[in-house]
Amino acid sequence: MAGFTMSLNLLLLVAMVATNILSLYHLSSTTSFFQSTVKSSPSSVPTVPDHLLRQLHTIRAAINHLTNHQPDKSTSIASTLTSRAAVSSSAPKDLLLYSKLSPIASACHNHPDLLHEYMNYTPFSLCPSDTDLVEKLILRGCHPLPRRRCFSRTPRNPTDSKPESNVIWSYYSCKNFDCLAAKFPDLGFDLSLEKSKSQFSSYKSELDLPISQLLQIAKSANSVLRLAVDVGGGTGSFAAAMKARNVTVLTTTMNFNAPYSEAVALRGLVPLHVPLQQRLPVFDGVVDLVRCGRAVNRWIPVTVMEFFFFDLDRILRGGGYLWLDRFFSKKVDLENVYAPMIGKLGYKKVKWAVANKMDSSGVKHGEVFLTALLQKPVAR
């Protein structure tokens with residue numbers, strides 16, 4: 001809208017300038033004509049050339065047309081306020097909140113202090129060391145423009161033989177991958193491909209879906225798996241296991257107090273640094289499989305969850321698969337909220353397994369795990 005208004009104002013300016021130029025030309029020409037005619041015939045009246053009259057008429061008509069189509073500011077502001085008030089009175093609060101969290105930086109104005117801190121740097125020097133600040137902005141729906149005049153930081157002596165040398169550890173409490181592997185043993189910070197494959201290769205409970213079984217299901221349905229997206233994929237363990245089977249997987253991840261994106265990249269994989277509420281930067285209908293890891297769970301607001309599922313539907317091709325891997329929620333919410341929400345997609349249930357979440361939090365809140373493999377209809 002702002003770009004349209006600027007273009008409109010520019011057109012008006014050009015038209016006004018053209019009118020003035022033609023008017024000056026007309027005055028100068030008619031003045032000289034008048035002076036010459038006065039000498040010969042004092043009673044004669046100068047006339048305006050027809051071509052000038054036609055040009056002036058055209059320009060004035062254009063100005064009137066543009067002016068009539070330019071919205072009155074006071075009317076526009078009043079109608080905007082009225083529409084906002086109407087939406088505020090009818091729409092759910094969480095919809096109003098998270099509708100502002102978009103990938104076009106529309107929420108940045110809500111966090112001026114963070115944005116000012118982000119943009120406070122010395123030009124033509126190293127960018128500030130503030131990965132945590134970037135994460136705060138992104139999670140609030142503010143995707144700021146890159147800093148245009150500072151240089152991104154890089155590790156001092158990166159080498160392929162020592163993975164730790166490829167990470168700027170000053171951002172994090174742990175200073176090497178061994179520390180992270182010991183502190184978070186199940187998050188894949190041991191970058192050994194053989195170890196990362198094991199969690200997707202065995203069947204220990206009904207919640208498990210080994211990759212071999214997944215590939216067999218796809219083969220039986222004459223469905224090829226070539227490209228996948230792993231949402232909340234952490235360090236890229238699933239992507240690494242699928243890479244060994246010639247399947248390309250893009251991993252969405254955030255660096256919450258640990259170098260998740262760097263760990264994905266060190267495996268030769270692609271980390272997408274995006275939050276869950278952002279529209280995935282993938283074209284429509286080109287993905288064969290979407291896996292949702294533990295980041296997709298009941299703490300996501302319901303409206304955002306629904307938007308999220310429909311964005312996954314957007315990128316999945318007909319016949320593609322949506323895999324919810326250990327989605328957890330309260331049992332009553334799964335039955336009354338999430339299962340109906342998933343049902344709106346109209347996908348075929350290839351696998352639907354529910355089991356109690358047995359840790360202290362799960363027992364206290366009556367939580368369950370859901371592992372579901374759903375297939376998008378081939379045609380709609």
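What is the volume of the largest cavity? It is about 40 Å³. The views below come from a predicted model, in which local features need pLDDT of at least 70, side-chain atom pairs count only at pLDDT 80 or more, and totals for chains, interfaces and linings use all residues. Residues are numbered from 1 along each chain as its sequence is written, and side-chain values use heavy atoms, with hydrogens and water left out.

**View 1. Lining of the largest cavity.** The structure holds one cavity of 30 Å³ or more. A cavity is a set of points, on a 1 Å grid over the protein atoms alone, where a 1.4 Å probe fits but cannot get out; lining residues have an atom within 4 Å of a point. Grid points are joined across faces, edges and corners, and the volume is the space filled by probe spheres set on the points. The lining consists of Val-231, Thr-252, Val-274, Pro-275, Leu-276, Gln-278, Leu-280 and Phe-308. Six of these residues are nonpolar, two are polar and none is charged (Ala, Val, Leu, Ile, Met, Phe, Trp, Tyr, Cys and Pro count as nonpolar, Asp, Glu, Lys and Arg as charged, the others, Gly among them, as polar).

**View 2. Surroundings of Gly-232.** Gly-232 sits in the loop between strand E3 (227-231) and helix H10 (237-243); helices (H or I, at least four residues) and strands (E, at least two) are DSSP runs, numbered from the N terminus. Its relative accessibility is 26%, so Gly-232 counts as partly exposed (buried is under 20% relative accessible area, exposed over 50%, partly exposed in between; 1.4 Å probe, protein chains only). Apart from neighbours within four places in sequence, Gly-232 is in contact with Thr-252, Gly-293 and Ala-295, contact meaning heavy atoms within 4.5 Å.

View 3. Rings of Phe, Tyr and Trp (its six-membered ring) pair if their centres lie within 6.5 Å; planes under 30 degrees apart count as stacked, over 60 as edge-to-face and the rest as tilted. The count comes to 11 aromatic pairs. Phe-327 and Tyr-338 are edge-to-face, because their ring centres are 5.1 Å apart and their planes at 70 degrees.

Note on methods: On a 1 Å grid over the protein atoms alone, a cavity is a set of points where a 1.4 Å probe fits but cannot get out, and a pocket is an open set with protein on both sides within 12 Å along at least five of seven lines; lining residues have an atom within 4 Å of a point.
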